[in-house]
Amino acid sequence: MMNKKTLQVGLVGFGYAGSTFHAPVITNVANMSLAKVVQRNGASSKEKYPWVTVVGSVQELYADDDIDLVVITTPSTNHYALAKEAIMAGKHVVVEKPFTTTSSEADELISLAREKNVVVSVYQNRRWDGDFMTLRQVLDQSLLGRVIEAEFRWDRFSPVVNPGRWRDGDVQGSGTVYDLGVHFMDQALTLFGLPDTITADIRIQREGGIADDYFDIGLGYADGLKVSLRSSLLIREPGPRYVVHGTEGSYVKYGVDPQERALRGGQTPGSPDWGAEPEEQWGKLHAVMGALELQGRIRTLPGAYQDFYQNISDHLLEGAELAVKPEEAGMAIRMIELAYQSHREGRMIEVGS
């Protein structure tokens, strides 16, 4: 625990992730103050947050003894290098997902953070999507009985490749698996734990593409549970986001959490009805409880990205348990590595082998 009342936060990068997912959330969390932003070009962060100091290099941020927490929002291809520098400077660190591009890099950062006695966590904000929070409650309350099959889908229609975007580039850490798949992998591990097997089909479907833009990853569990994680950038009519079947019923949920769209539109977690979904997007439950058969909609819990940073604050200032542990984020990267191995070798991989 830190002996102070407010965390001084330094933000590395003010691109889409920094300006959309991090700065508006950090500035709406008690006991956190956005103090410095690293921007190599321009000062748009100061236009939006006049009190911040804009600096041109991470070294200026790391050298500031007043900065407690460094938040890294740059492309995933350089998360490891920047996080390592911040940890070496004695800063607590939050890294935008994915944690790193290899599990060995993740392991090194975890070990280094322990050595330097600092905290490192990863912005797995999709744990605070309202639909996922609702699904978690459905499972925690055993409304479906023993779960036998689950499918998570992230469908988009983005047919044009943009070679200037790092996500479409030919470097490790680019592509849909690292960009979107890491969210679903984290959610699956959170709900169901580590699987026994993994099988993956990873493809490039778009014309001119050099980074993967499609995945179908299957996780197998000893109790017979099968979990499918799927995404494509060539689906104009998306299917359900979540489909979960159990021995007592099914839960089907369409639509995408509204928080990202709200943040893009300038709203913040303090806005009225933050994270609330319209009724037409609520999930459908069809289940049996004893002699009763139930059919109906379950109101989606309001999404709460701010709870991630509130937990960081509570952990550092009050000793609360860390919600997103670095070991969990590192395991998601390890599972992604195994998914690529399964695809290359065309076979099922034993996770524990």
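Visitor: Is Asn 117 buried or exposed?
Guide: Asn 117 is exposed, with a relative accessible area of 68%. Buried means under 20% relative accessible area, exposed over 50%, and partly exposed in between, with a 1.4 Å probe and protein chains only. This is a predicted model, in which local features need pLDDT of at least 70 and side-chain atom pairs count only at pLDDT 80 or more, while totals for chains, interfaces and linings use all residues. Residues are numbered from 1 along each chain as its sequence is written, and side-chain values use heavy atoms, with hydrogens and water left out.

Visitor: Where does Asn 117 lie?
Guide: Asn 117 lies in the loop between H5 and strand E6 (120-123). Helices (H or I, at least four residues) and strands (E, at least two) are DSSP runs numbered from the N terminus. The phi of Asn 117 is near 60°, a positive value in a residue other than glycine.

Visitor: What is the phi of Asn 31?
Guide: The phi of Asn 31 is near 70°, which is also positive in a residue other than glycine. Asn 31 sits in the loop between H1 and strand E2 (32-38) and is partly exposed, at a relative accessible area of 32%. Most residues other than glycine have a negative phi, and most peptide bonds are trans.

Visitor: On peptide bonds, which residues does the cis one join?
Guide: A cis peptide bond joins Lys 97 and Pro 98, with omega at about -10°. Pro 98 is placed in the loop between strand E5 (92-96) and helix H5 (103-116).

Visitor: And Lys 97, is it buried or exposed?
Guide: Lys 97 counts as buried because its relative accessibility is 9%. The side chain of Lys 97 reaches the backbone oxygen of Asp 179 at 2.7 Å. That is a polar contact, meaning a pair of N or O atoms within 3.5 Å; within protein, one must be able to donate a hydrogen and the other to accept it, and residues adjacent in sequence count only if both atoms are side-chain atoms. Leaving aside neighbours within four places in sequence, Lys 97 is in contact (heavy atoms within 4.5 Å) with residues including His 79, Tyr 123, Asp 179 and His 183.

Visitor: Now the pockets. What volume does the largest one have?
Guide: The volume of the largest pocket is about 660 Å³. On a 1 Å grid over the protein atoms alone, a pocket is an open set of points where a 1.4 Å probe fits, with protein on both sides within 12 Å along at least five of seven lines, and lining residues have an atom within 4 Å of a point. Grid points are joined across faces, edges and corners, and a volume is the space filled by probe spheres set on the points.

Visitor: Which residues lie nearest its centre?
Guide: Of the 34 residues lining the largest pocket, Tyr 16, Lys 97, Trp 166, Arg 167 and Asp 179 lie nearest its centre. Helix H1 (16-26) and helix H7 (176-192) are the elements that give two or more residues to this lining, and H7 provides the largest share, four residues. By type, the lining of the largest pocket divides into 11 nonpolar (Ala, Val, Leu, Ile, Met, Phe, Trp, Tyr, Cys and Pro), 12 charged (Asp, Glu, Lys and Arg) and 11 polar, the others, Gly among them.

Visitor: How much space lies in the second largest pocket?
Guide: The second largest pocket holds about 190 Å³. Its lining has two nonpolar, no polar and six charged residues, and H8 gives the most to it, with three residues.

Visitor: Changing topic, how many aromatic pairs are there?
Guide: The count comes to 14 aromatic pairs. Rings of Phe, Tyr and Trp (its six-membered ring) pair if their centres lie within 6.5 Å; planes under 30 degrees apart count as stacked, over 60 as edge-to-face and the rest as tilted. The rings of Phe 152 and Tyr 242 are edge-to-face because their centres are 4.9 Å apart and their planes at 80°. Phe 152 in strand E7 and Tyr 242 in strand E11 (residues 242-246) are 90 residues apart, so this pair links distant parts of the chain. Both Phe 152 and Tyr 242 are buried.

Visitor: Lastly, what joins the side chains of Thr 300 and Glu 277?
Guide: A polar contact of 2.8 Å joins them. Thr 300 lies in the loop between strand E14 (292-298) and helix H9 (306-318) and counts as buried at 4% relative accessibility.
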